[in-house]
Amino acid sequence: MELKFKLTDYRTTVHNNWCPGCGDFGILSALQQALYELQLDPSNVLLFSGIGCSGKTPHYVNAYGFHTLHGRALPYAIGAKLARPDLEVIAVVGDGDGLGIGAGHFVNAGRRNIDFTIIIFDNEVYGLTKGQASPTLKLGMQTKSLPKPNISQAVNPILLAYACGYTFIARGYAYDTNHLKELIKQAILHKGSAVIDVIQPCPTYNDIHTKDWFAGKGNIDPKTGKEIPRIYKLESTGYNCVITNDMSEEEISRKVAEMIVKAYEWGDRIPIGVFYRDLRYDTYEDRIEKRIPNYKIYPPGKQLISNKEGYPIADISKILEKLSI
Ligand code: SF4
Ligand code: MG
């Protein structure tokens, strides 16, 4: 069967100025492949970014792209999704952009379970502004731009996402594009708020957590004397954390406890894959539809707001009457 869209349909010819070897290229490629394999019509995909190296992503994907303000990709994305729930909305944020200045939006997006996807480009630094410590840089780490070791604790994106109420939580690795592509597809297909924290080496400013380090540099197996890759796949261990309505409280607590242990794992072993899927909740859009039955048929983005001459068609005279004294 001939597919309607080709992989090249998701690419643009905009000049890419990410540094050579940047993990961002892997995320971009995985995203384009995911859109292609799902055969999503580029004109039905909305991509939102904030500010940072990740912010350039919408320029390189042939879809509707919105390069917004620092930390503000999520409110834009949420507004668009609520106005047009039929469209596919994806927000790409940096770790500083999304979990620093945009942290409040990240928390509140999770509470609602809006059906959209967030991809975090997590390189532990503010790459675009010369490598300052981002909220995911571990305490005591000193990357090359820092005059002294990092004085703050890092936020854990997986556990933060869980605490906020995200119903699909995963971690990917920018240099494993096949695996990341599958995660992005699952996140897009998930009905609810999905977040993927992507480990994205920044070869220019993060000289500690490098591609070689993730591949196992210095991580020697005492038995064989060989280096062991730090990144491993959760699914290869039989891990599967899906929460459903028919599970007992005890079962849910056990699953969540297991997820928390995995989310804390970092160092010699770093898990990637789906950490958590919760199938118990309606999406925000479903909840609105229960109150406004024709919401999805006639959402705000499809409603006429002006006549042919451009004048507003809303009649607010009754509201004004109530306000008059
Ligand atoms: Fe990539 Fe780092 Fe360069 Fe930004 S500064 S483009 S994150 S390598
Ligand atoms: Mg960053």
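1. Contact here means that heavy atoms lie within 4.5 Å. In that sense, and not counting residues up to four places away in sequence, Lys-56 touches Asn-17, Trp-18, His-67 and Leu-128. The model under discussion is a predicted one, and the points below should be read with that in mind.

2. Lys-56 sits in the loop between strand E1 (45-49) and helix H2 (57-60). Its relative accessible area is 17%, and because the cut-off for buried is under 20%, Lys-56 counts as buried.

3. Asn-17, one of the residues touched by Lys-56, is placed in the segment before helix H1 (24-37). With a relative accessible area of 46%, Asn-17 is partly exposed, whereas Lys-56 is buried. Once its neighbours within four places in sequence are left aside, Asn-17 is in contact with Lys-56 and Tyr-60. Between Asn-17 and Leu-35 there are 23 Å in space, C-alpha to C-alpha, for a separation of 18 residues in sequence.

4. The magnesium ion (ligand 2) is coordinated by Asp-95 through OD, by Asn-123 through OD1 and by Val-125 through O, at 2.1 to 2.2 Å. Along the chain these donors follow the spacing D-x27-N-x1-V. Asp-95 belongs to helix H4 (residues 95-101) and Val-125 to strand E5 (residues 125-126), so the pair ties together parts that are 30 residues apart in sequence. Asp-95 and Val-125 are both buried. Water is not among the atoms, so the site may look incomplete.

5. On the overall fold, the protein has eleven helices and eleven strands. The C-alpha trace spans about 80 × 55 × 50 Å along its principal axes. Of the contacts between residues at least 6 apart in sequence, 69% join residues at least 24 apart.

6. Turning to burial and surface, 46% of the 325 residues count as buried. The protein exposes about 16,600 Å², of which carbon and sulfur atoms supply 56%. As regards charge, there are 37 positive and 35 negative side chains, and the centres of the two sets lie 2 Å apart.

Key
Residues are numbered from 1 along each chain as its sequence is written. Chains are lettered from A and ligands numbered from 1 in the order in which they are written. This is a predicted model: local features need pLDDT of at least 70, side-chain atom pairs count only at pLDDT 80 or more; totals for chains, interfaces and linings use all residues. Side-chain values use heavy atoms; hydrogens and water are left out. Helices (H or I, at least four residues) and strands (E, at least two) are DSSP runs, numbered from the N terminus. Buried means under 20% relative accessible area, exposed over 50%, partly exposed in between (1.4 Å probe, protein chains only). Accessible areas come from the Shrake-Rupley method with a 1.4 Å probe; for residues, only the protein chains shown count as cover. Lys and Arg count as positive and Asp and Glu as negative; His and the chain ends are not counted. The place of a charge is taken as NZ of Lys, CZ of Arg, CG of Asp or CD of Glu. Donors are N, O and S atoms within 2.8 Å of the metal (3.2 Å for Na, K and Ca); water is not among the atoms, so sites may look incomplete.
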